[in-house]
2 protein chains.
Amino acid sequence: MIFAGNKVPVFFVEVAGLNDKWKVILSDRTAGEIQLDPLTKKICLCLEPPSLKDNRADVDRLREALGHLVGPVDVPLVLMRKVPGVCRERDWAVTATVGPAGAGTKMIDLEAGDTTARHFGLAVDVGTTTVVVYLVDLGSGEILGTSADYNAQAPLGEDILTRIYLSGSTGGLAGMQEAVVKTINGLLAGLTERCGVAPDEITAAVVSGNSTMIHLLLGLDPGLICREPYIPVVNLPGLLQAGEVGLQVNPQAVLYCLPGVGSYIGGDVVAGVLVSGMHRRKEIAMLVDIGTNGEIVVGNEEWLAACAGAAGPALEGGVARAGMRAEPGAIEHVRIDPKTGKICYNTIGGNLKPAGICGSGLVDCLAEFLLNGIIDRSGHFQHGSGSFTLVPAAESATGAEIAITQTDINNFMRTKGAVNAAVETLLEGVGLDLQAIERFYAAGAFGHYLCLESAVTIGLYPDLPRERMIRLGNSAGEGARQVLLSNRKRLEAEEIARRVTYFELNASQQFMNRFIGSKFLPHTNLDYFPTVKARLRERGLLPDD
Amino acid sequence: MIFAGNKVPVFFVEVAGLNDKWKVILSDRTAGEIQLDPLTKKICLCLEPPSLKDNRADVDRLREALGHLVGPVDVPLVLMRKVPGVCRERDWAVTATVGPAGAGTKMIDLEAGDTTARHFGLAVDVGTTTVVVYLVDLGSGEILGTSADYNAQAPLGEDILTRIYLSGSTGGLAGMQEAVVKTINGLLAGLTERCGVAPDEITAAVVSGNSTMIHLLLGLDPGLICREPYIPVVNLPGLLQAGEVGLQVNPQAVLYCLPGVGSYIGGDVVAGVLVSGMHRRKEIAMLVDIGTNGEIVVGNEEWLAACAGAAGPALEGGVARAGMRAEPGAIEHVRIDPKTGKICYNTIGGNLKPAGICGSGLVDCLAEFLLNGIIDRSGHFQHGSGSFTLVPAAESATGAEIAITQTDINNFMRTKGAVNAAVETLLEGVGLDLQAIERFYAAGAFGHYLCLESAVTIGLYPDLPRERMIRLGNSAGEGARQVLLSNRKRLEAEEIARRVTYFELNASQQFMNRFIGSKFLPHTNLDYFPTVKARLRERGLLPDD
């Protein structure tokens with residue numbers, strides 16, 4: 001979704017501009033706010049060598065010296081075993097790596113001499129489809145390298161529900177865990193080689209993902225996530241050890257998973273809130289992350305509420321007749337000239353012949369169809385035709401025409417309706433309407449590539465002044481990086497997870513009612529979408545008031 | 001040393017009486033003072049079942065409920081995996097076992113229903129020769145069973161120095177660790193079967209032993225213990241996990257080793273101090289634990305000082321021509337009628353024919369020889385003979401006579417001299433002399449079986465009013481049990497280890513000087529031993545003043 005081939009351009013925060021000309025801002029914008037205080041620390045010590053007058057034991061000597069700097073430190077038995085040798089290797093100059101464990105601090109590694117310049121961590125975004133690994137220099141906060149690949153679970157089960165189901169079979173959970181760990185380790189092997197970093201030098205890893213992905217990574221049975229009352233095994237796994245999961249980093253490395261709120265609001269969404277900063281501002285903001293599920297958070301510094309609705313695979317290009325993943329050859333953007341009716345499109349990967357259409361292309365189609373009177377506000381083709389041809393057979397990569405059918409549109413309308421219904425149920429739950437929203441954040445990969453104007457036109461996003469609409473890009477990965485680099489951010493993430501009130505839509509009758517009533521473009525109430533209303537009127541597609 | 005066959009009578013504290021009639025006091029004397037607060041706790045909880053209105057995750061729900069009772073609790077990943085199943089097995093009634101970990105608290109196990117009645121721990125005394133395991137009911141503090149066996153390391157290397165040496169060879173350390181773990185697990189298997197306890201129900205283990213034994217148990221290289229400046233890897237290993245060492249108990253069980261002071265003052269001696277209570281009284285006391293090494297602690301509530309001297313194997317019956325371990329058939333006590341010269345002895349195991357003589361028998365011999373004028377105060381036979389026959393060949397189990405030679409006595413005098421020199425060097429170090437000692441504690445197995453009067457006669461123990469001389473029995477095991485049953489005792493043990501000032505005799509010239517000058521019976525200065533002086537005079541073995 002977020003990459004073509006294996007090279008991933010990663011921009012953490014984008015500010016939406018007008019007319020789809022996005023001003024790309026690198027992570028500095030947020031990273032600039034972070035005081036570097038990484039999950040693990042390296043401390044170089046010159047210990048007093050033992051003598052007859054000072055015959056403290058090696059580990060006790062080391063622990064005392066560290067204690068003066070960071071308080072009591074727990075030394076695991078496996079490290080005790082190497083302390084005498086390491087201490088004597090460079091004449092009692094050692095570098096200890098320490099990190100949080102339970103309520104205290106533990107030693108993660110001990111090296112001879114001063115190795116403080118070599119201090120590395122991982123931020124990992126485990127998506128249902130894609131896994132992204134960032135290798136981070138914990139001394140500078142700099143990203144040394146990024147690598148992404150499909151989650152190797154996907155061939156076992158395309159969507160989350162299938163994977164939960166398969167985890168219940170014999171060996172299923174172990175297989176799912178193995179697959180995602182294999183994916184991460186594969187990416188890691190490439191990154192460490194490319195950057196000249198030894199796996200043992202990586203002493204911290206922060207992972208964000210939805211609740212099911214975190215369960216599968218940790219080998220926790222996700223079976224109860226999809227059954228009423230929808231209960232995860234854990235929302236806050238806390239501080240774990242990388243070796244317990246099989247990550248090929250220092251086996252003692254701290255492993256932290258961003259905390260989730262519930263079965264369908266996971267650490268990836270909490271990462272989005274963290275990166276947006278909406279939990280620290282007075283203004284009321286909305287964050288939307290649309291993938292297979294649509295996750296919505298509303299709130300400000302005083303309160304936060306969230307819900308999730310099954311968006312279905314329509315937006316991922318999974319069900320449209322000509323649909324495909326956001327891979328090279330997929331049509332990602334479409335424009336129709338209102339005067340000539342000429343269709344312009346572009347494909348991922350440059351000038352490749354189109355092979356199909358991905359989610360962002362479908363959103364564009366729906367918006368353009370509406371703005372050109374090809375479909376009406378209820379999503380029906382106006383001229384009796386059952387489909388609309390985007391690319392004739394002769395121009396396509398497959399030799400078959402690429403067309404959008406009425407069925408495709410109907411599926412898409414259901415997805416959009418689900419998102420709208422979720423938004424409105426949530427707003428009603430907190431006693432607000434759409435006009436109360438002062439700022440909008442689009443999180444996740446889909447939000448990253450989607451044309452904002454098209455999303456507003458079809459009512460997927462609210463119709464706010466565009467400078468108040470912000471794309472967070474891969475906020476799951478960026479949130480993981482921030483937590484990796486700042487213990488304050490880690491506590492902030494936990495605070496967010498605790499503060500969010502979770503509305504369970506699976507059991508909401510209101511949601512079902514709204515779902516049925518929300519399948520209009522952009523909305524039953526056009527006044528909520530003033531710019532769309534104006535454009536439709538401009539084009540003569542609305543009767544005068 | 002402390003058992004005949006495999007059955008061990010275990011009495012923790014004995015008070016020395018007059019004329020070798022010991023009043024045996026069971027552990028209640030000290031245990032009565034302990035407020036039961038075991039290393040691990042079992043807590044039964046009736047959790048609120050999850051619902052749409054209360055959709056907290058299982059682990060978080062459990063952690064919150066526990067948090068109200070014991071503060072924040074860390075749940076290891078392996079336990080998270082079983083939480084959902086266990087919670088639902090008995091309708092959300094569960095029993096959590098928790099214990100200290102680092103600076104906080106961790107969960108050790110979770111069981112369905114109320115299992116608080118079944119809560120067990122181990123106290124283990126790992127001696128160089130013998131390992132004793134106590135299975136303790138942590139709910140009542142009661143000892144359910146005791147079992148002892150030779151340390152399986154012994155066949156690999158008889159004494160400590162040999163084992164340290166062997167640990168340096170390839171696979172040597174692993175072999176030593178395996179041997180002692182095998183010994184403990186073997187004893188454990190018998191105990192758990194006999195008492196109907198499942199290994200997983202044992203959630204805490206406290207071990208005491210000398211520093212080398214603890215190093216070998218934990219797989220820590222003891223190589224530097226015997227090389228100047230004599231530095232252990234660790235004196236305070238802290239809270240470990242039983243599974244890391246391979247003990248066949250609950251793999252998450254807390255493993256705690258009593259802290260040591262230095263290479264030659266280990267957790268076994270700290271256990272002795274803890275059991276004696278000398279660290280909490282105003283009176284100045286001395287504790288002596290004689291085995292292969294002689295360990296001495298002097299002090300009171302304000303200060304504690306300790307040293308150790310290599311006593312050598314003479315007291316263990318290892319070098320005398322007729323010497324043997326304290327096993328069935330060993331002569332353990334000897335008396336010579338001053339009038340008739342008739343020799344009385346008794347053997348371990350009842351009326352067995354004597355096969356040799358063990359350490360306590362040798363001490364009796366030396367005392368009786370002195371009191372009957374057979375040797376003089378410098379340990380030389382008086383009548384030109386090179387040996388003294390205790391048992392003629394016809395009466396012995398082996399068909400060879402059992403005799404004490406001048407060489408045996410010389411070896412023994414060296415050992416006694418080493419202990420005396422250590423005592424005096426230590427006393428000089430703290431600015432006191434023998435007469436300042438107000439109370440005396442005999443710790444360890446040797447001190448348990450030794451005839452107190454004989455030990456005083458030869459000057460191994462000081463000449464105090466007998467009611468001020470207390471035997472601690474297996475204080476290493478009892479100390480471990482107290483720490484298992486009381487967190488306050490654990491902190492007290494750590495406080496003792498921190499407070500003790502350690503005098504390293506290996507490097508002391510004073511010690512060498514005293515060693516050479518201290519080979520008189522009972523002492524060069526007879527005024528330090530008034531009762532011995534009186535008896536010698538009574539028998540006409542001293543010139544009048």
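## Exercises on helix packing, contacts and backbone angles

Helices α9(B) and α14(B) are roughly perpendicular to each other, and the first exercise works out where that label comes from. The model is predicted, so local features need pLDDT of at least 70 and side-chain atom pairs count only at pLDDT 80 or more, while totals for chains, interfaces and linings use all residues. Residues are numbered from 1 along each chain as its sequence is written, and chains are lettered from A and ligands numbered from 1 in the order in which they are written.

**Exercise 1.** At what angle do α9 and α14 of chain B pack, and which residues meet?

*Solution.* 
- Step 1: locate the elements. Helix α9 covers residues 267–276 of chain B and helix α14 covers 475–485; helices (H or I, at least four residues) and strands (E, at least two) are DSSP runs, numbered from the N terminus.
- Step 2: take the geometry. The angle is about 75 degrees, with the axes 8 Å apart. Axes are lines fitted to C-alpha atoms, for helices over the stretch in contact, and angles run from 0 to 180 degrees between N-to-C directions.
- Step 3: assign the label. Under 35 degrees is roughly parallel, over 145 roughly antiparallel, 65 to 115 roughly perpendicular and the rest oblique.
- Step 4: list the partners. Contact requires C-beta atoms, placed from the backbone, within 7 Å. Residues of α9(B), including Asp268(B) and Leu274(B), meet residues of α14(B), among them Glu478(B) and Gln482(B).
- Step 5: sort by class. The contact has 5 nonpolar, 4 polar and 2 charged residues. Here Ala, Val, Leu, Ile, Met, Phe, Trp, Tyr, Cys and Pro count as nonpolar, Asp, Glu, Lys and Arg as charged, and the others, Gly among them, as polar.

**Exercise 2.** How are α5 and α6 of chain A oriented to each other?

*Solution.* 
- Step 1: α5 (residues 160–167) and α6 (residues 172–195) of chain A pack at about 130 degrees, with axes 7 Å apart.
- Step 2: these two helices are therefore oblique to each other.
- Step 3: Arg163(A), Leu166(A) and Ser167(A) of α5(A) make the contact with Gly172(A), Leu173(A) and Met176(A) of α6(A).

**Exercise 3.** How many residues does each chain give to the contact between chain A and chain B, and which element of chain A gives the most?

*Solution.* 
- Step 1: chain A and chain B give 40 residues each.
- Step 2: on the side of chain A, the elements giving two or more residues are α2 (58–70), α3 (77–80), α4 (83–89) and β6.
- Step 3: α2(A) gives the most, with 3 residues.
- Step 4: by class, this side of chain A has 24 nonpolar, 8 polar and 8 charged residues.

**Exercise 4.** Is Asp91(A) buried or exposed, and where does Asp91(A) lie?

*Solution.* 
- Step 1: Asp91(A) has a positive phi near 55 degrees, in the loop between α4 and β5 of chain A.
- Step 2: Asp91(A) is exposed, with 12 other C-beta atoms within 10 Å. The cut-offs, with C-beta atoms placed from the backbone, are 20 or more other C-beta atoms within 10 Å for buried, 12 or fewer for exposed, and partly exposed in between.

Key:
Contact = placed C-beta atoms within 7 Å.
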